[in-house]
Every structure is written in structure tokens, then in C-alpha cells.
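This report is a guided reading for someone meeting the structure for the first time. Please look through the sequence and the model before going on.

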Amino acid sequence: MADTASVVIIGGGIIGCSIAYNLAERGLRDVVLVERQFLAAGSTGRSGAGVRQQWGTEMNCRLARASIKIFEQLEEMLDYPRSIEFKQEGYLILAFTPAEARQFEANVRLQRSLGVPVTLMDARGAKEIVPHLVVDRVVAATFCPEDGHINPFLATDAYARAARRRGVDIRLWTEVTGILVNNGRVKGVHTNRGFIHCPVVVNAAGPYSQLVAAMAGVDIPVYSERHQILVTEPVQPMQGPMVISFHHGFYCQQTPHGSFIMGVGDPHEPKDFDVGHSWQFLEQVCARVRELLPGLLKLHLVRQWSGLYNITPDAQPILGGVPGLEGYWMAVGFSGHGFMLAPITGKIMAQLILGEQPEIDVSMLGLDRFERGELIREPSVV
Amino acid sequence: MRITEHPILDFERGPEITIYFEGRALRAYEGETIAAALHAAGIKVLSYSHRLGRPRGFFCAVGNCASCLVEVDGEANVRACITPVRDGMRISRQRGKGDLRVGT
């Protein structure tokens, strides 16, 4: 019997699960999602679990704000019996140079114009929000109380269960090995478990998106880069917001469970598919904690790991199709912030695939922007 | 109870000191860990599980697990199994997750 689907989504991270749910919610039948390993096994489950609206480009701000509004009522929308652990106690972003402070002023003007409730403050204001923060060298800070933390595993599970209930066939341990294209049209997907006939395929493969794109003959300007992260033992709640310093490439947040998640960006990280980790990373994190949050130095480390950013030249995602290749769609290149953009991404992708008017016009996030050189680079990335 | 003879290990016991567990004075010897001194005094419950409040005691003995976390002189999350005793040390059972702000 021929294995057929209306749409095959490649990737069981939160992006793929959100797209699957939104397609099924709009009544599309025979949607199949294939995942190489298990749900959230790639970048989603390895992420820092932060969600924020404080971005430096209009598009990222709009996608993030729309997503947070969906996250705020996700359990109800998806009829999920558990909490997704949305701790909405804000992001405090620190500037350490006058140039950075000027960028923050511009960011805040943009963010406020888009309805993001963000405030610009001095070092004293930052100290009031996080009393154990060392602010001696802080020049300015911005704070948005609606930002925060969400458990990526539970959020993915919520989307996956809702998608399954609406008829989506989620196939784990199913790896795509090829995409059949004939006369500029997608015809099907080869997997390690057989061929699936389908007129539409969606690349939601996260850090492996460039490999999947190449299977369809599409060249996308992205690369994957390792980012390391750690988690500590849990302690009583003591830090409401995520603290970020782009200057140090450092972020630190206390989860609802009480553990702290911390990471440091390193320009020398391998730019391939390596998800190992190093002791040097622990030294780098400890140096930043000693400098900025010395009150946390007594925390014991529980675990370290790493995940991959799928990075585009402007640190904004690639959403949409490819001219001349009918039936191929992609939601890739999220550059380290795909988890937090997943709710609206899934909705917009479903609308695009079904030929509806998307809730937010994302035509400027198409692949063709790189050829035209119309890049607006996102400045606020760790 | 303390082991005094062992086929492959030698116990070089340091001078006798006094430690306090939940306010009660106990005899201990320099060079031994908090867990060893408490175990010798018959104290086997060191902390409680976070959710159900069940007793937790000496378990991994190498500082890896969270079973023996106690509060020492106001500091939370001290691993009794690898922390040496000190004269006059005040130890108490930890209830719930430790509070890093205690003692600061």
C-alpha cells in the first residue's frame, strides 16, 4: 500500500510540532511529521528555555510578541493538562558601553512602538530588580516583565499531543534520506523507513536544515554552531528575571524548579554538528558569574550540555517557500531563538501553506532576501 | 559506631572536637566528614525529599547526589559526605531546597 501524506513536516522540534498542530487545526488531514530521533531531541530540548520580546529588529519583536501572547494561554488553547512552566518574571538586559546603551535606546523606542512593555533604566534600577547583581560597570539596562522562562519539553509535548489528537501522524526515529523533486514539484520524501508520497514538504529540521534543503536542491546560507549551557542544583527562588549581557555573551536565569540555567557564547565554538562540551566552558561561566552574580558562586553544577544554533547572515529566520520549487516550504535559521518564536511561526507557516493570508506579513523573511542583499541584522543576540 | 580496623585502610584519627547537630553537642574527630560523625552518633536522617518530605540520608558518599545536603553555620546545600568537621561547627537538617541567601 502506498504511503501518502498531504504534507510531510521534517523535524520534531517545537517548530515542526507547532506547524503540524496549526495545519491540523485548520482542518488539513493526512499530515505526517517525521523526526530523526525523539521530540525536542535537537535544538529545542537543548535550548536555554528563555522567551523574550526585547529584540532589535521589528520582525523579531513582532514574531516574539505574538508568540508570547500565544504562550500565555497555550495550556488552554491546546487543552494541555500540565503547566508549561511559564515563569513570566522578565528579562533584564545589561549595557556595559555607551555604544551599547545607545543601541538599547533605539531598541526600546522600536519595542515600545510595537507594544512591548519595556523600560530603560540606569544601574540602580537594575540593582532594584536583581539585588545580587554587581552593577558597578553597568551603563544602562532594559527590562520587560512579560519575558521569562518556559519548559521547552513540555511546550513541545503540548503541541505534539494536540496535533496527534487532530490526526497528525508523528513518526519518531524516522530519518529523511532524500526528497523527490520532479519538474520543479515536490513528489515525496525518502526515509529510513520507506518512501512517503506527498505534494508538500516542510523543512523544520533546525540545525540540520541545510542538509534537508540540499536534498531538495535548495542552497540556504546558514550554518550550525555549538552553544554550551549548564544547569545547577535547585535553590529557593532568588532571581526573578533572566539576566543577559551581550557584552559578555552571558545569560543566567533561575527556572521555576529553582535550578539556574547559564550560558556563555564563544566565537571559537565549532561551526558544524558537534554537540559535545568542554571544561573551558565551565571556567568561562564561572568567570562571568564571579564578575556579575557572585552570590551564585556557591551553587553546585548538576549538568552541562550543548545545542546548535542554525545561523543566518542577519540572525533572522528564513520563512516561506522557494520560487520555482512547488511544494517546498521552510521555517529554519532561527539563529538561537527558534523556541520562543515557535507559536506564531507554526501559525504563519500553516497559513502560507494553505494559501491563506498570514497573520504577520513575513515576505521579507524569504530566502530571496539574501540575493537582494536586503538584510537588517538583528543586533541583540548572545 | 566507628570502624577501627580495616583490612586495607588505616584510620588516623585526629584530635577530639565538638560539633553541634540541631543544637545537640556531639563528639567528633578532626579528619572525618560530617556524615561520618553523624552516622557514628546514630543520626541517619540528614535531609528530606522536596516534594513528599521523605527522609534522606547518606547515599552516594562521594559528593555527587543531593541526599545528604545539610545546613552548616547558616550555609545551605553543604554535602555532609565530603565536608570535614570543624570544632564548634553547627549543623542542621535541610528542609526543602536550600536558600542561598541564608547567612549572607
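Which domains does the domain assignment of chain A give? The assignment, whose bounds come from an automatic or database source, gives domain 1 (7-47 + 153-222 + 314-372) and domain 2 (87-148 + 225-308).

## Basis and confidence

This is a predicted model, in which local features need pLDDT of at least 70 and side-chain atom pairs count only at pLDDT 80 or more, while totals for chains, interfaces and linings use all residues. Residues are numbered from 1 along each chain as its sequence is written, and chains are lettered from A and ligands numbered from 1 in the order in which they are written.

The predictor gives the complex an ipTM of 0.84 and a pTM of 0.94. For chain B the mean pLDDT (the predictor's confidence in each residue, from 0 to 100) is 91, and 97% of its residues reach 70 or more. Among the elements of chain B, the highest mean pLDDT, 97, belongs to strand β1 (residues 16-21) of chain B, and the lowest, 92, to strand β3 (residues 47-48) of chain B.

## Chain A

Chain A contains 11 helices and 19 strands, where helices (H or I, at least four residues) and strands (E, at least two) are DSSP runs numbered from the N terminus. Its radius of gyration, taken over C-alpha atoms and compared with a globule rule of 2.2 Å times the number of residues to the power 0.38, is 20 Å, close to the 21 Å that the rule gives for 382 residues, so chain A is as compact as a globular protein of that length. Of these 382 residues, 51% count as buried, a residue being buried if 20 or more other C-beta atoms lie within 10 Å of its own, exposed if 12 or fewer, and partly exposed in between, with C-beta atoms placed from the backbone.

The C-alpha centres of domain 1 of chain A and domain 2 of chain A lie 30 Å apart. Five residues of domain 1 of chain A are in contact with six residues of domain 2 of chain A, contact meaning that the C-beta atoms, placed from the backbone, lie within 7 Å.

## Nonpolar cores

A nonpolar core is a set of buried Ala, Val, Leu, Ile, Met, Phe, Trp, Tyr and Cys residues joined through C-beta atoms within 7 Å. The largest one has 119 residues, and V8(A), A20(A) and V202(A) have the most contacts inside it. Helix α10 (residues 338-353) of chain A supplies the largest share of this core, 10 residues. Because domain 1 and domain 2 of chain A both give residues to this core, it lies between them.

Leaving aside residues up to four places away in sequence, V8(A) touches V32(A), V34(A), V189(A), I196(A), C198(A) and V201(A). A second, separate core of 19 residues includes I19(B), A28(B), A80(B) and C81(B).

Chain B has one helix and seven strands, which run β-β-α-β-β-β-β-β from the N terminus on. A compact globule of 104 residues would have a radius of gyration near 13 Å, and chain B has 14 Å, which agrees. Buried residues make up 28% of the 104 residues in chain B.

Nine residues of chain A are in contact with nine residues of chain B. On the side of chain A that touches chain B, three residues are nonpolar, four polar and two charged; here Ala, Val, Leu, Ile, Met, Phe, Trp, Tyr, Cys and Pro count as nonpolar, Asp, Glu, Lys and Arg as charged, and the others, Gly among them, as polar.

Terms used:
Two residues are in contact if their C-beta atoms, placed from the backbone, lie within 7 Å.
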